Amino acid sequence: MAAHPAAKVINTQEITDKARRDLLQLLEAVRGKKNLVLERSLAGTIGLFVKFSTLQEYGVDKVFFLENHNVDSSQRNVIFLLRGDNAKTVRTVAEQIKLVRSESKIDHEFSIIWIPRRTRVSDMVLEEHGVLGEATISELALYFVPLEQDLMSLELESSFSDLYLRKEPTSVFASATALMRLQKQYGLFPRILGKGDNAKRLADLLQRMRSEEDVNASSDPSKTYLTSFGLTPSSVVENLIIIDREVDFPTVLATQLTYQGLIDENFGISNNQIEVDTSVLGGAPAPPQQQTGTAQPPTAATKRKVPLDSSDKLYPSLRDANFATIGPTLNQTARRLQSDQQNIKQQDQSIADLRSFVSKLPSYQAEQASLKIHTGLAEEILKVTRSEVFSAMLEVQQNLLAGSDPSTVHENIEELIARDVPLKTVLRLLCLESCLSNGIRSRDLESFKRQILQAYGFQHILTLADLEKLGLLVPRESHRGYLNPIAGAAGQTATDWNAVRKSLTLWIDDVQETDPNDTAYVFSGYAPLSVRLVQCILQKSYLFGLVNTRQGNTPPTGGGWKGFEDTLTRIRGATVDVTQKGHDADASHARKTLRGSKEGPKVSVVFFLGGVTYAEIAALRFVSGQLEKSSWRRIVIGTTHVISGDRAVGAAVEKRKFVE
């Protein structure tokens with residue numbers, strides 16, 4: 001089946017190619033052999049768009065991790081490739097340069113490539129250590145990294161803790177810069193919509209950047225026309241929808257029930273790959289090396305890296321399905337492959353048949369290898385999902401998400417603590433209750449805190465304090481909430497979850513997991529609030545019909561949030577609705593004329609500030625599929641990074657222990 005034209009509107013492959021090209025040009029500028037020093041967190045990201053063998057072709061001899069403090073002085077050229085917004089990282093670079101200078105007899109040439117930009121902080125730290133003039137400094141404007149054709153990530157792993165724990169706005173600026181680069185390529189987002197205080201900050205920053213572009217254009221007469229022409233409303237991008245993660249913490253804290261979500265929950269997906277024991281895969285043959293070869297340290301004999309992306313024969317059709325359907329699907333695939341194999345052996349083959357079989361052999365073998373891998377992963381996940389602890393945890397979560405009285409699950413949570421389940425599991429349940437109830441009753445919260453400290457260690461008094469700073473685990477306060485008349489603007493400080501659950505149908509009792517008809521299948525009953533907000537804009541009629549099944553009300557018409565204004569006032573955070581128009585009407589008309597009068601496919605960019613879960617990605621792909629069938633529209637997802645419940649609470653967990 002031919003690719004849908006909408007799939008080519010925002011070409012993520014172009015972003016990948018440009019990132020590769022820019023990096024290789026910077027490496028090529030340093031002549032001769034060179035050693036490359038990487039920040040560990042960047043290794044997998046770089047591996048997404050360039051192979052290690054390609055780096056070798058451009059003169060890279062050896063690759064080292066900055067954190068290991070083992071830079072080899074064997075080559076005259078040493079290149080550091082890292083992020084420049086962390087003073088601690090910059091300080092480490094300065095120390096490494098001084099160390100190599102003092103211990104080596106070679107007159108080294110140092111180069112520093114900052115990602116995504118050179119910062120004032122980095123220059124100040126290098127200057128303080130006296131090495132600013134000893135290195136050639138450049139920058140690699142690496143912002144969006146495509147993980148799939150419809151998924152782009154900034155790969156800012158610390159953005160969640162930066163935004164909500166340390167209140168550090170760096171990721172907001174990085175997000176605005178990345179989105180501004182999209183606007184320069186595809187035109188202005190005709191409408192910017194969003195929910196959440198950070199979404200408002202991001203939208204304001206985008207408008208400010210646009211104003212700065214206009215000023216720069218007016219100050220340079222030679223580029224005025226070209227710049228104004230580039231910043232006219234896009235004819236292919238319909239909306240930018242910004243979701244502040246703070247608006248929907250419960251979706252992050254709940255256990256994902258899609259196949260890809262459960263892989264992430266159990267193995268941890270990083271840069272489109274996981275690392276598992278070879279015993280889990282049942283000795284499945286190793287796939288050919290992908291682009292993950294960059295700067296990856298040799299793994300232990302019992303570990304193996306498994307790529308999880310569209311290059312896998314089965315994974316694209318499995319990843320977004322509810323895990324309950326994975327077993328039957330794999331079984332059906334195994335039977336089909338077995339039948340094909342028997343047909344090949346039993347029937348008399350003509351020369352034409354043999355030629356056809358040989359041409360299909362690589363695909364057949366790849367499918368068999370993929371089946372073996374996913375059967376092993378599914379069996380390992382099944383061991384977890386069939387355990388008593390998982391069942392008890394899921395029961396608590398489902399009751400809370402469905403709107404049951406939180407006090408009825410306290411005994412279950414206390415039992416899990418007594419059974420010494422992992423701390424993050426307990427914290428996710430408590431945080432989920434706190435978020436859905438706008439806090440836990442002080443007496444109950446103090447009791448849980450006492451039990452946690454006694455069971456897991458008193459160092460976690462710092463963990464509990466950080467969870468409160470994040471807003472995940474807080475005491476219920478009389479002045480905090482939607483219904484209190486002195487609480488300030490409605491919906492600004494807390495979400496009225498009971499009202500929103502009803503008005504947006506966040507819970508569906510009879511959810512269809514095998515042949516889903518609603519996004520609620522990703523959590524087996526709970527429809528993520530973040531995705532429902534997107535549906536308020538893109539699927540008004542469907543969502544209105546879902547809510548008003550027994551009423552004869554007319555579905556809302558018009559764009560933006562129209563028809564759901566009352567619901568939005570009950571959700572915490574600012575509401576964003578900005579229409580962008582080009583300053584030059586002639587340029588806008590010229591763009592439309594060049595593109596023709598025929599309406600092409602439209603794209604809505606949904607950007608998650610603070611992280612997105614794989615369950616939400618699956619739900620948005622489901623919505624995108626429905627839009628493509630009905631109106632040739634689709635969704636492209638952008639995010640600061642991919643997050644899970646363990647990573648969210650893990651940002652607060654104290655890893656140090658008291659010395660005995």
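Asp123 is buried, as its relative accessible area is 13%; here buried means under 20% relative accessible area, exposed means over 50%, and partly exposed lies in between, using a 1.4 Å probe and protein chains only. This is a predicted model, in which local features need pLDDT of at least 70 and side-chain atom pairs count only at pLDDT 80 or more, while totals for chains, interfaces and linings use all residues. Residues are numbered from 1 along each chain as its sequence is written, and side-chain values use heavy atoms, with hydrogens and water left out.

**Salt bridges**

Let's stay with Asp123 for a moment. Its side chain meets that of Arg118 in a salt bridge, at 3.0 Å from N to O. A salt bridge here is a side-chain nitrogen of Lys or Arg within 4 Å of a carboxyl oxygen of Asp or Glu. Arg118 has 36% relative accessibility, so Arg118 counts as partly exposed. The structure holds 35 salt bridges, and the table shows some of them.

| Salt bridge | N to O distance | Relative accessibility of each residue |
|---|---|---|
| Arg118 and Asp123 | 3.0 Å | Arg118 36%, Asp123 13% |
| Asp204 and Lys200 | 3.0 Å | Asp204 35%, Lys200 33% |
| Arg245 and Asp248 | 3.6 Å | Arg245 0%, Asp248 1% |

Asp204 and Lys200 both sit in helix α8 (residues 197-219), four residues apart, which is about one turn of the helix. Asp204 is partly exposed, and Lys200 is partly exposed too. In the pair of Arg245 and Asp248, Arg245 is buried, and Asp248 also counts as buried. Salt bridges that share partners also join Glu148, Asp150, Arg319, Asp320 and Arg621 into one network.

**The chain as a whole**

Now let's step back. The secondary structure comes to 26 helices and 14 strands. Both are DSSP runs numbered from the N terminus: helices are H or I with at least four residues, and strands are E with at least two. Of the 660 residues in the chain, 52% are buried. Among contacts between residues at least 6 apart in sequence, 79% join residues at least 24 apart; contact means heavy atoms within 4.5 Å.

**A five-stranded sheet**

Five strands form an open sheet in the order β2-β1-β3-β4-β5, and the pairing is parallel. Two strands pair if DSSP finds at least two bridges between them. β2 (60-65) and β5 (135-139) stand at the edges with a single partner strand each, so one side of each has no neighbour in the sheet. From one strand to the next, the twist averages 20°. Axes are lines fitted to C-alpha atoms, for helices over the stretch in contact, and angles run from 0 to 180 degrees between N-to-C directions.

Is strand β3 mostly covered or mostly uncovered? Strand β3 (residues 77-83) is mostly covered, with seven of its seven residues buried. Asn77, Ile79, Leu81 and Arg83 point one way from β3, while Val78, Phe80 and Leu82 point the other way, and all are buried.

On one pairing of β3, five bridges join it in parallel to strand β1 (residues 34-38). There, Asn35 stands opposite Val78, and Val37 stands opposite Phe80. Seven bridges join β3 to strand β4 (residues 109-115), and these two strands also run parallel. The bridge partner of Phe80 in β4 is Ile112. To get from β3 to β4, the chain crosses through helix α4 (residues 87-103), and this β-α-β crossover is right-handed. Right-handed means that, with the strands pointing away from the viewer, the path from the first strand over the helix to the second runs clockwise.

Helix α2 (residues 40-47) lies across β1, β2, β3 and β4, and runs at about 90° to β3.

**Rings and a buried glutamine**

How many aromatic pairs does the structure hold? The structure holds nine aromatic pairs. Rings of Phe, Tyr and Trp (its six-membered ring) pair if their centres lie within 6.5 Å; planes under 30 degrees apart count as stacked, over 60 as edge-to-face, and the rest as tilted. Ring pairs link Phe160, Tyr164 and Phe249 into a cluster.

Finally, look for Gln397 in helix α15 (residues 388-402). At 2% relative accessibility, Gln397 counts as buried. Leaving aside residues up to four places away in sequence, Gln397 touches Leu253, Ala254, Thr255, Leu429 and Leu432.
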